[in-house]
Amino acid sequence: MAKVACPYCYHRFPVGHLRFQCTGRPAPGREKCRKAVDPERQRLTGYAATTWPTFAAPGRFGRSPRKADCPDCGTTSGIRACPVCHTPLPANFADGGSPLIGVVGGKNAGKTVYTTVLVHELRNTIRRRFDADIAFTGEQAGVGTAQWLERYEQALFGDQSLFESTTSSADGIRTPLVMQWRQPRTQLGKRVYRTTTLSFYDAAGEDMTTQEFVNSQAYLTASDGLVVLLDPFQLPGAADRIAVPDAGRRDTEPPINVLNRVTEMLRSSTGLGDGKQVRTPIAVVFSKIDAFFGMLGENHPLLRPPRTGPEYDEAAGQDTDEHLRALLAELGADDIDAHLRAHYRTFRYFAVSALGAEPDYGSKQIDPAGVRPFRVDEPLLWLLSNFKVIERSRA
């Protein structure tokens, strides 16, 4: 039986096990169901608002019905829900073609800033570039997601200031960012639409510092693709070439350690034999590349932006990958490349700057020119091109 992964709690389950959520409109002569806080939904996703109850569709046995009747109030519902966390799912969820994207990394790698800017770009620049409808989906969009994004976007784009590090999920699970990407395509001369569900979860850096926390993150195993942010300030030769800020020296660890734990979790959770490589494509992203602009020089190939058409620029991607591999060797960090080559079938390097210029880490103020994202979309677009969601140019 085909399995899918919930974009909210990241547990995988057979399609035929989907539940349904009551609509709150009872059949004639039946008593109306009552809303209540779902403890499992709150525990797994952080969603604490009251919601209509969910129920299993009787006699499904492997198939995924479109509708089912609530056993308590008799209403017919077409709202399908996750059988684990009970969150209502996008209408097209069980139809396939919806990759889950995990965003992980070590503490101070800049994941929250990166994710905030990436989502902002998705809803603005990228949406227009691909002629796509990109929006939040589901009940979560009106509670946790909206509040999370509004607060961080205001800090970055309004107040031009950084915010505090993300709290560990051990202290309170944050709501995943779930979006739908609906884009037109031409097939056999006809204009058709394909909808893809994208799910992002901003794991706190502290969650990557012990194997126990890594093993507890179900979203890593369920993700179809991973964006792994690494802090370039921690590369062995970085301090000899650039001025590493004091904030970049505290409570951090070498990127190779973060990679080792992610790899160990992926291998052990899937029971992958020693002679095989991890199949999950991994975008290895060096954040804060703005700190290296002066060292690289304004004409360095890494600073040339790719083409901006409605496709992933494969030639620019390969060029970036090769130059970053050379930079790793130059900075004494070629063990990262050796690790990835040994364990992963598909990976690629990226250099991004969510802010576009170095902030003042002491005062937590962004450059006076404001946020100027530099190549933040490329890791996601590369993954989406792997999943055939978007087109990829020829190298």
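Helices (H or I, at least four residues) and strands (E, at least two) are DSSP runs, numbered from the N terminus. The model is predicted: local features need pLDDT of at least 70, side-chain atom pairs count only at pLDDT 80 or more, and totals for chains, interfaces and linings use all residues. Residue numbers start from 1 along each chain as its sequence is written, and side-chain values use heavy atoms, without hydrogens and water.

**View 1. The whole chain.** The chain holds 11 helices and 16 strands. Of its 395 residues, 54% are buried (under 20% relative accessible area, 1.4 Å probe, protein chains only). The accessible surface is about 17,500 Å², by the Shrake-Rupley method with a 1.4 Å probe. Carbon and sulfur atoms make up 47% of that surface. Among contacts (heavy atoms within 4.5 Å) with a separation of 6 or more, 74% link residues 24 or more positions apart.

**View 2. A three-stranded open sheet.** The strand order is β11-β12-β13, and the pairing is antiparallel (two strands pair if DSSP finds at least two bridges between them). β11 (133–136) and β13 (190–200) each have a single partner strand, so one side of each lacks a neighbour in the sheet. Neighbouring strands are turned by 20 degrees against each other on average, direction ignored. Axes here are lines fitted to C-alpha atoms.

**View 3. The β11 and β12 pair.** Four bridges join β11 to β12 (residues 177–187). The two strands run antiparallel. Asp133 has Arg182 of β12 as its bridge partner.

**View 4. Helix α2 on the sheet.** Helix α2 (residues 111–129) lies across β11, β12 and β13. It runs at about 30 degrees to β12, on a scale from 0 to 180 degrees between N-to-C directions, with the helix axis fitted over the stretch in contact.

Technical notes. Buried < 20%, exposed > 50% of the residue type's maximum accessible area, 1.4 Å probe, protein only.
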